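Me: I have a model open and want to go through it bit by bit. Can you take my questions as they come?

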Amino acid sequence: MSKSADTGKGGPGKGEAVISLRKVTAELGSRPVLRGIDLTVTRGEVVALLGANGSGKSTAVRTIIGQVPVTGGDVEIFGTARRRFRDWARVGYVPQRTTAAGGVPATINEVVTSGRLSRARFGVLRRSDREAVARAIDLVGLTDRAKDSVNALSGGQHQRVLIARALASEPELLIMDEPMAGVDLASQEVLAATLRQQVAQGTSVLLVLHELGPLEPLIDRAVVLRDGCVLHDGPPPQAVGQHALPGHDHVHPHDADAEPVRTGLLT
Ligand SMILES: Nc1ncnc2c1ncn2[C@@H]1O[C@H](COP(=O)(O)OP(=O)(O)O)[C@@H](O)[C@H]1O
Ligand SMILES: [Mg+2]
């Protein structure tokens with residue numbers, strides 16, 4: 001993937017905020033859902049956004065990509081106010097999966113190609129665009145199924161397609177909302193490997209998770225929400241939970257059947 005070296009960890013630009021939320025408030029159905037949250041992701045960082053169901057994680061992410069209006073505070077992407085930001089090809093977004101896709105049957109290749117259109121001049125795909133699409137499909141291990149309809153896929157395979165779509169534009173910033181939810185173990189391993197590869201080349205990541213799981217080794221910092229407020233911003237809470245106990249075996253991504261570790265902060 002073509003990405004300049006200065007996006008790497010420790011290189012120039014490190015410490016610069018790629019996402020910055022300050023005192024952000026938001027309402028849904030006239031009910032306050034975000035009550036003044038601060039959230040920063042710096043270049044090359046992997047930040048987990050944690051919290052119980054309904055704590056406001058998806059809403060926070062949706063204010064970043066402009067799907068939920070803010071009622072107060074500031075949202076910046078790559079140092080630009082969100083309402084003036086236009087360079088969406090730099091951002092890959094994987095929404096929280098709801099139900100299986102219905103409607104128009106599209107192939108894996110078509111869905112992933114849709115993620116490349118932001119890079120294609122006048123909507124015309126060149127060879128470099130088709131190659132980037134093929135690389136993204138290969139990264140998630142679906143090359144031999146590229147011409148299959150997405151309707152024929154399992155939940156985990158469907159999630160891999162959404163991730164390939166987000167990667168097709170070769171984004172500098174990846175935002176994923178509960179990528180592991182409802183995903184089979186084989187797909188979880190592919191997903192963890194894909195994310196490791198992205199992180200290794202300097203991509204900044206904001207990851208919404210309900211629980212720290214196999215992605216825990218990749219996470220630099222965790223922000224925990226409760227009732228629309230930031231409860232914790234610092235080391236992943238697992239570091240002060242079971243992982244700190246003597247004799248605890250570290251959970252690696254290939255320990256796919258390991259129980260997710262539950263921490264008091266998340267419930
Ligand atoms: N479209 C909506 N209209 C009204 N309330 C909503 C809507 N979407 C979410 N909410 C409420 O906002 C709160 C936060 O939701 P959400 O951001 O989805 O939480 P999380 O992602 O942490 O589970 C919840 O109480 C939820 O019921
Ligand atoms: Mg959510």
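Me: Which residue takes a positive phi in the hairpin of S9 and S10?
Reply: Asp227 does, with a phi near 50°, and the hairpin has 2 residues between the strands. Strands (E, at least two residues) and helices (H or I, at least four) are DSSP runs numbered from the N terminus.

Me: Where does this model come from, and how is the numbering done?
Reply: This is a predicted model, in which local features need pLDDT of at least 70, side-chain atom pairs count only at pLDDT 80 or more, and totals for chains, interfaces and linings use all residues. Residues are numbered from 1 along each chain as its sequence is written, while chains are lettered from A and ligands numbered from 1 in the order in which they are written.

Me: How many bridges does S5 make with S4?
Reply: 2 bridges join S5 to S4 (residues 72-77). Glu76 is the bridge partner of Ala81 in S5.

Me: New topic. Which residues surround ligand 1?
Reply: Leu28, Gly29, Val33, Gly51, Asn53, Gly54, Ser55, Gly56, Lys57, Ser58 and Thr59. A residue is near a molecule if its C-beta atom, placed from the backbone, lies within 6 Å of it. Helix H1 (residues 57-64) gives the largest share, 3 residues.

Me: How does that shell divide into nonpolar, polar and charged?
Reply: 2 nonpolar, 8 polar and 1 charged. Nonpolar here is Ala, Val, Leu, Ile, Met, Phe, Trp, Tyr, Cys and Pro, charged is Asp, Glu, Lys and Arg, and the others, Gly among them, are polar.

Me: Still in H1: is Val61 buried or exposed?
Reply: Val61, which lies in H1, is buried, with 25 other C-beta atoms within 10 Å. The cut-offs on that count, with C-beta atoms placed from the backbone, are 20 or more for buried, 12 or fewer for exposed, and partly exposed in between.

Me: What does Val61 touch?
Reply: Ile175, Asp177, Leu206 and Val208, leaving out residues up to four places away in sequence. Contact is C-beta atoms, placed from the backbone, within 7 Å. Val61 and Asp177 are 116 residues apart in sequence but 7.7 Å apart C-alpha to C-alpha.

Me: And H3, which of its residues are buried?
Reply: Ala132, Val133, Ala136, Ile137 and Leu139. They fall within an arc of 160° seen down the axis, so they line one face of H3; the arc is that of the directions from the helix axis to the C-beta atoms. The face turned away carries the exposed residues Arg127 and Glu131.

Me: What do the buried ones pack against?
Reply: Helices H2 (108-114), H4 (155-167) and H5 (185-200). After H3 comes Gly141, with a positive phi near 75°.

Me: What covers H5's buried residues, then?
Reply: The cover includes S3 (46-51), H3, H4, S7 (173-177) and S8 (204-208). Among the buried residues of H5 are Val190, Leu191 and Leu195.

How values were computed
Two strands pair if DSSP finds at least two bridges between them. Two residues are in contact if their C-beta atoms, placed from the backbone, lie within 7 Å.
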